[in-house]
Amino acid sequence: MGQQVRVVGLAEQISEQAAIQFWQTRSRSAQLTTLSCEQSQPLSSESALVEQFDKTQQTFEGKEVTKPQNWGGYSIWPVSIEFLAFAESRLHLRTRFTKKNDVWTKMLLQP
């Protein structure tokens, strides 16, 4: 896509109740994918992934897909956000927004 975003700030784990509420907003397919995969673990083949998903789908057929215990999220209160737009010339456009005393300032940065 030729773009990158970097956020720096304070991160805080969300509550269990907030995680449950967020889980319930996700599509059933997204919930089943979460339960059928071991994120970032090696995968032998695409067909193995589809097989894992199909098994999970069968397990929860006609049932509510409950949030796994280890699933949650984080809220981030940013103090700096940088946008990088890549250019073929390598003269990338970098824009950083920095928050101080509840005021955001914009600064252009060299590539």
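Buried residues, meaning those under 20% relative accessible area, whereas exposed ones are over 50% and partly exposed ones in between (1.4 Å probe, protein chains only), make up 20% of the 111 residues in the protein chain. This is a predicted model, in which local features need pLDDT of at least 70 and side-chain atom pairs count only at pLDDT 80 or more, while totals for chains, interfaces and linings use all residues. Residues are numbered from 1 along each chain as its sequence is written, and side-chain values use heavy atoms, with hydrogens and water left out.

**The whole chain**

Start with the protein chain shown as a cartoon, where there are three helices and four strands; helices (H or I, at least four residues) and strands (E, at least two) are DSSP runs, numbered from the N terminus. Followed from the N terminus on, the elements run β-α-α-α-β-β-β.

Now turn to the C-alpha trace, which spans about 55 × 35 × 20 Å along its principal axes. The radius of gyration of the protein chain is 20 Å, whereas a compact globule of 111 residues would have one near 13 Å; this radius is taken over C-alpha atoms, and the globule rule is 2.2 Å times the number of residues to the power 0.38. Of the contacts (heavy atoms within 4.5 Å) with a separation of 6 or more, 55% come from residues 24 or more positions apart.

**A nonpolar patch**

Next, select Val5, Val7, Ile76 and Phe83, which form a nonpolar patch on the surface with about 350 Å² of accessible area together. Patches are made of residues with over 30% relative accessible area and no salt bridge, joining like charges within 9 Å and nonpolar side chains (Val, Leu, Ile, Met, Phe, Trp, Tyr) within 5 Å; a salt bridge is a side-chain nitrogen of Lys or Arg within 4 Å of a carboxyl oxygen of Asp or Glu. Strands β1 (3–13) and β2 (74–85) each supply at least two residues of the patch. Val7 has its place in strand β1 and counts as partly exposed, at 45% relative accessibility.

**Phe83 and its surroundings**

Stay with Phe83, which is in strand β2 and is partly exposed, with a relative accessible area of 38%. Leaving aside its neighbours within four places in sequence, Phe83 is in contact with Gln4, Val5, Leu93, Arg94, Thr95 and Phe97. From Phe83 to Arg94 the distance is 5.7 Å, C-alpha to C-alpha, although the two are 11 residues apart in sequence.

**Aromatic pairs**

How many aromatic pairs does a search of the whole structure find? The search finds three, where rings of Phe, Tyr and Trp (its six-membered ring) pair if their centres lie within 6.5 Å, with planes under 30 degrees apart counted as stacked, over 60 as edge-to-face and the rest as tilted. Select Phe22 and Trp71, whose ring centres are 5.7 Å apart and whose planes stand at 20°, so the pair is stacked. This pair links distant parts of the chain, 49 residues apart, with Phe22 in helix α1 (residues 16–25) and Trp71 in the loop between α3 (46–59) and β2.

Is Trp71 buried or exposed? Trp71 counts as buried because its relative accessibility is 15%, and Phe22 counts as partly exposed because its value is 48%. Now select Phe83 and Phe97, whose rings have their centres 6.0 Å apart and their planes at 85°, so this pair is edge-to-face. Phe83 lies in strand β2 and Phe97 in strand β3 (residues 93–100), so the pair ties together parts that are 14 residues apart in sequence. Phe97 counts as partly exposed, at 26% relative accessibility.

**Ser36 in helix α2**

Move to Ser36, found in helix α2 (residues 28–36) and buried, with a relative accessible area of 9%. Apart from its neighbours within four places in sequence, Ser36 is in contact with Gln52, Phe53 and Thr56.

**The loop between β3 and β4**

Finish at the loop between β3 and β4 (103–109), where Asn101 is found. Most residues other than glycine have a negative phi. The phi of Asn101, however, is near 55°, a positive value in a residue other than glycine, and Asn101 counts as exposed at 69% relative accessibility. Asp102, in the loop between β3 and β4 as well, has a positive phi of about 65° although it is not a glycine, and counts as exposed at 66% relative accessibility.

Note on methods. Accessible areas come from the Shrake-Rupley method with a 1.4 Å probe; for residues, only the protein chains shown count as cover.
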